[in-house]
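Let's take a walk through this structure, one piece at a time. Have a look at it first, and then we'll begin with a single helix.

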Amino acid sequence: MKMKTIFWTLVLSFLATTTSHAKSFVYCSEGSPSSFNAQLVTDGTSTNATAGTIYNTIVAFDIGTTKIIPALATSWEISKDKLVYTFNLRKGVKFHTTKYFTPTRDFNATDVVFSIDRQRLRNHPFHDVSGGKYEYFDGMEMGKTIKEVKVLDPYKIQITLAQPDATFLANMAMSFMSIISEEYGSKLASANKKSDIDNFPVGTGPFVFQSYAKDSVIKYAAHPQYWGTRGNIDKLIFAITPDANVRYQKLKTGECQFVNEPSPSDIPEMKKNSNLKVMQDAGLNVGYLSMNVTKKPFDNLLVRQAINHALNKKAYINAIYLGNATVAKNPLPPTIWSYNDAVKDYEYNPELAKSLLAKAGFPKGFEAEMWTLPVSRPYNPNGKKMGELMQADLAKVGIKLKLLTFDWPTYLKKASQGEHQMLQMGWTGDNGDPDNFLNTLLGCSAIASGSNYSKWCDKKFNAAVLEAKTTTDIKKRTALYKEAQKIFKEQAPWVTIAHSTVFKAMAKNIKGYKIDPLGHDYFTYVSVE
Amino acid sequence: MKFFLKKFLDLIPTLFGISLICFVMIRLIPGDPVLNLVGERGVDPARYAEMKHALGLDRSIPLQFWYFIKNAVSGNLGTSIVSNNSVWAEFIERFPATFELGTFALFFATIIGIPLGIYAAIKRNSFFDYFLMSSSLVGYSMPIFWWGLILILVFSVKLGLTPVSGRIELTFDIPVFTGLYLIDTLQSSVVKSEGFAPFWSALKHLILPSIALGTIPLAVIARMTRSSMLEVLGEDYIRTAKAKGMSKTRVVYIHALRNALVPIVTTLALLFGSIITGAILTETIFSWPGIGKWIVQSITSRDYPVIQGGVLIISFVIVMTNIIVDVIYYFLNPKMRN
C-alpha cells in the first residue's frame with residue numbers, strides 16, 4: 001500500500017511540474033545572439049536580445065514608427081551650418097545593478113564618449129576587444145561622419161561632423177549607438193577582463209541581463225530603477241527555438257507567449273485560434289531582381305526595360321508571399337517619406353517586352369543566368385519558387401533562363417565580386433531614412449562597398465542622393481529623392497518586386513506590443529494580463 | 001604494453017589526417033566568413049582586407065594550417081569568428097547537453113532493444129518476429145525531423161504530457177555544476193529551494209528527444225541482438241545444455257545471452273560515439289543546446305576555427321571510444337592477448 005502511494009505521488013508530481021508564473025514573458029526567438037553588446041551585432045536575432053532590451057540610445061525611434069524621440073538625451077540643438085549637434089542628457093538615469101557590477105554613479109556624458117569612441121578610435125583601449133569589428137558603425141560610415149565628440153559638462157555633449165549629414169540623428173537612434181557604462185569598462189580594464197563587457201552586459205535599458213545558457217535560454221529581470229515607462233513584465237525569457245514549426249507548437253501549448261518569424265503558411269491557422277493574436281503591418285523592406293549593368297546584355301537599357309515588362313509581379317505576390325505583400329514600383333517602401341507615388345510602374349506586357357528586345361537587337365531573345373535567393377527572408381520567402389515563375393515568364397519573351405543558386409555565404413561572395421548577370425536580393429531598412437535605401441543600395445560608392453549589386457552608377461541619380469544626404473531641409477530632400485526614384489525607374493537597374501507584410505504571433509493576453517517597422521522586437525511596453 | 005602504446009600512437013596520424021582533410025575541405029567550399037558577417041550590407045575592399053588580416057585569413061593556406069596545428073598541440077583551438085569566444089570554452093559549455101541526451105537515448109534504445117531482440121530470437125519465424133523485424137526496418141529508416149515533430153504533436157500538443165522542447169522549464173535557475181541537468185537539479189541548494197520539481201522537469205524534457213534520437217539505435221540493437229542470439233542459440237554447447245535438462249530461461253539468459261552480448265556491446269560503444277556527436281537533427285527540432293547544432297551553425301557561417309576545432313575534438317572523442325572498446329576487448333578476450 002505504502003509503495004503504491006509513493007508511486008502515484010511520484011507520477012502525479014512528475015505530471016504536475018509545469019507551473020505558470022504570472023508576470024513572466026517567454027519569447028520564442030529563432031537563434032542565439034552573437035554578442036551581448038549591441039554595438040557589435042547587425043543581425044535581428046542579436047539586436048532583439050541586446051538593443052532596446054538591455055540598452056538605450058541617446059535618441060530613439062518611437063516604437064512602432066521611425067519618428068525620432070528623446071531617450072538618454074532630453075533635447076538637442078543643431079548649429080546653423082548643420083555641423084555641430086549639442087545633446088542635453090537626462091539626469092538620474094541608473095545603470096543596471098547585476099551580480100557582476102554595482103554602479104556607483106548615474107549615467108553621464110563620459111558614458112556617451114566611451115560608447116562612441118570605442119567604435120570610432122582605433123587606439124581606444126576597448127577598440128580591439130572582441131575582435132574590433134563594428135560592422136554597423138562602419139557600414140553607416142559613422143567613423144567618417146563624426147569628427148569630434150566633446151564633453152561640455154557632465155550632462156551636455158557636443159558632436160561635430162566632418163560634413164553635414166541629414167541621416168545623422170536617425171543613425172544615432174540605431175542599435176549600434178547603444179550606451180554602455182564607462183564605469184563598468186574601467187572596472188573591467190583594471191581587472192584585466194575587458195572582454196566581459198560584451199558578454200556580461202550592463203546598460204540603462206528596461207531589462208537587466210541575468211543569465212545565458214548557450215543556444216538555450218536568455219533570462220532578464222525588469223530594471224527596478226528604469227527611467228522611462230514600461231509594461232508589467234518581471235521576468236523576460238528568450239527561449240531559443242530555431243525550428244519555426246516547433247515555435248508554433250510551443251505557442252499553442254503556452255510554453256511561450258510570443259514567437260518570432262512565424263512561418264507564413266501557419267498564419268491562417270494562427271488567426272483562427274482563439275487563444276492567439278496575430279498582428280501584421282507593412283514591412284520596411286523591398287525584394288528585387290538586380291541586373292548587373294556591367295554584364296552584357298544588361299548594359300542595354302532596352303533589355304532591362306523589356307525584362308521589367310516581362311515579369312508578372314502580381315502572380316508572385318500570390319504564389320510566393322501568399323498575398324501578404326504589395327507590388328513594389330520604387331526601391332523605397334511606401335511607408336517611408338519621399339516615396340514617389342507618381343512614378344509609373346512597367347506594366348506586365350510580354351508583347352511590348354518582345355518588341356523592346358527586338359529593338360535592342362535580340363529579336364529571338366537570348367540565354368541568361370539568374371541566381372535565386374538561397375535563404376528565406378521576409379522580402380522574399382522562397383527564392384527558388386520565384387525563380388521558376390520568372391523563368392516561365394521570361395521564356396514567353398524568348399529569354400532562356402538558367403537558374404542557379406549557392407549557399408548563402410557563397411552567394412554573397414560571388415555577388416560581391418559581380419559574377420552574376422541577374423540575382424534576387426532584398427533589403428530591410430535600418431533607420432527609416434530614404435538614404436538608407438537609395439544611397440545604400442544604388443549609390444555609386446555602394447559599388448565598392450558591395451551593396452549595389454547592379455553595379456549601376458548613374459551620375460544624375462548619384463548627385464541627387466548625395467545632395468539630399470547633406471541637406472537637412474526636408475522639402476528639398478523630398479524633392480531630390482522623388483527625382484532620384486524617377487531616374488531609377490527610367491534606367492531600370494532592378495525589377496522591383498514586392499514590399500512584404502510582417503507578422504507577429506502572440507498569446508491573447510499580451511498587451512502593449514507594437515510592430516517595429518525596422519524589424520526588431522521591443523518589450524518595453526509589453527504587459528501580460 | 002606494446003599493444004596500448006601502438007593504439008595511442010595510431011591516434012596521432014589519425015587526428016592529423018582528419019584535421020588536414022577538414023581544414024582543406026572547408027576552404028574548398030566557396031564562401032567567406034568575412035562576407036558572411038556583413039551579409040546583404042557588403043563591405044568596402046580596404047575594410048575587407050583589414051578584417052581578413054585580423055582573422056589571419058590573409059595568410060597562405062599551408063601557413064594557416066601550420067598555425068592551427070601548432071596552436072592545437074599546445075591546447076589552443078582558436079577563437080570563434082562569430083562569437084569571439086574560445087572554441088574549447090564553447091565546446092565545453094555544450095557538450096554536457098549532448099552527452100546527457102546521448103546517454104539517455106542509448107539507455108532507452110538498450111532497455112527496449114535487447115529484450116525485443118531476445119524475444120524475437122526465441123520466437124523465430126513467428127508473427128512477432130516478422131512484425132518486430134519489419135518495424136525495426138521502419139524505425140531505422142524514419143526521418144528524425146518528421147518523427148520528432150510527430151512526437152511533439154502527439155505527446156505535447158494533443159496529450160499535453162511532455163514539454164515541446166528545451167532542457168528544463170525556463171523559470172528554474174539551476175547553478176551549473178556538471179552541466180548534466182539530471183545531476184545538477186539534485187544539488188542540495190536546488191532541492192532546498194525548489195524541491196524535486198526541477199529534476200522532474202529536466203527528466204520530462206529528456207523523454208521526447210531521447211525517443212527521437214534513440215529510435216534508430218533501438219532498431220539496430222534489436223536486430224543485432226536477434227541475429228547474435230540466433231547464432232549463439234545454434235551452438236553445440238547450448239544444445240548440450242538443453243540436453244542436460246537445463247531450464248529454458250537459464251539456457252537463454254545465462255548461457256546464450258552472455259556470449260551473444262559481446263558483439264552487442266561493441267555496437268553499443270560505436271553507436272555511443274556517433275550518437276553523442278551526430279544528434280544534429282534532434283538537437284535542432286527539440287532546441288537542445290548541444291554540439292551537433294553548434295557545428296552545423298558554424299558551417300553555415302563559415303566559422304573556420306569552430307569547424308576545425310570542433311571536428312578535431314569530436315574525432316578525438318570517437319577515436320578514444322574505439323580505443324577504449326579495443327582495450328576492454330583485450331581484457332575480455334584472451335585470444336587477443338596472444
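Start in chain B, at helix 6, where B:Leu132, B:Ser136 and B:Gly139 are buried. They sit on the same side of helix 6 of chain B, because the arc they cover around the axis is only 60 degrees. Bear in mind as you look that this is a predicted model.

As for its length, helix 6 of chain B runs over residues 127-140, and its 14 residues reach 20 Å from the first C-alpha to the last, close to the 20 Å expected at 1.5 Å a residue.

Next, hop over to helix 1 of chain B, residues 2-28. With 27 residues at 1.5 Å each, helix 1 of chain B should span 39 Å, and that agrees with its end C-alpha atoms, which are 39 Å apart.

Finally, see where the two chains meet: 48 residues from chain B and 49 residues from chain A take part in the contact. On the chain B side, the elements giving two or more residues include helix 5 and helix 10 of chain B, along with helix 7 (144-158). The residues on that side of chain B divide into 21 nonpolar, 14 polar and 13 charged.

Notes
Residues numbered from 1 in each chain as written. Chains lettered and ligands numbered in written order. Predicted model: local features only at pLDDT ≥ 70, side-chain atom pairs only at ≥ 80, totals over all residues. Helix = DSSP H or I, 4+ residues; strand = E, 2+ residues; numbered from the N terminus. Expected span 1.5 Å × (residues − 1). Buried ≥ 20, exposed ≤ 12 C-beta atoms within 10 Å, placed from the backbone. Arc of directions from axis to C-beta. Contact = placed C-beta atoms within 7 Å. Nonpolar A, V, L, I, M, F, W, Y, C, P; charged D, E, K, R; others polar.
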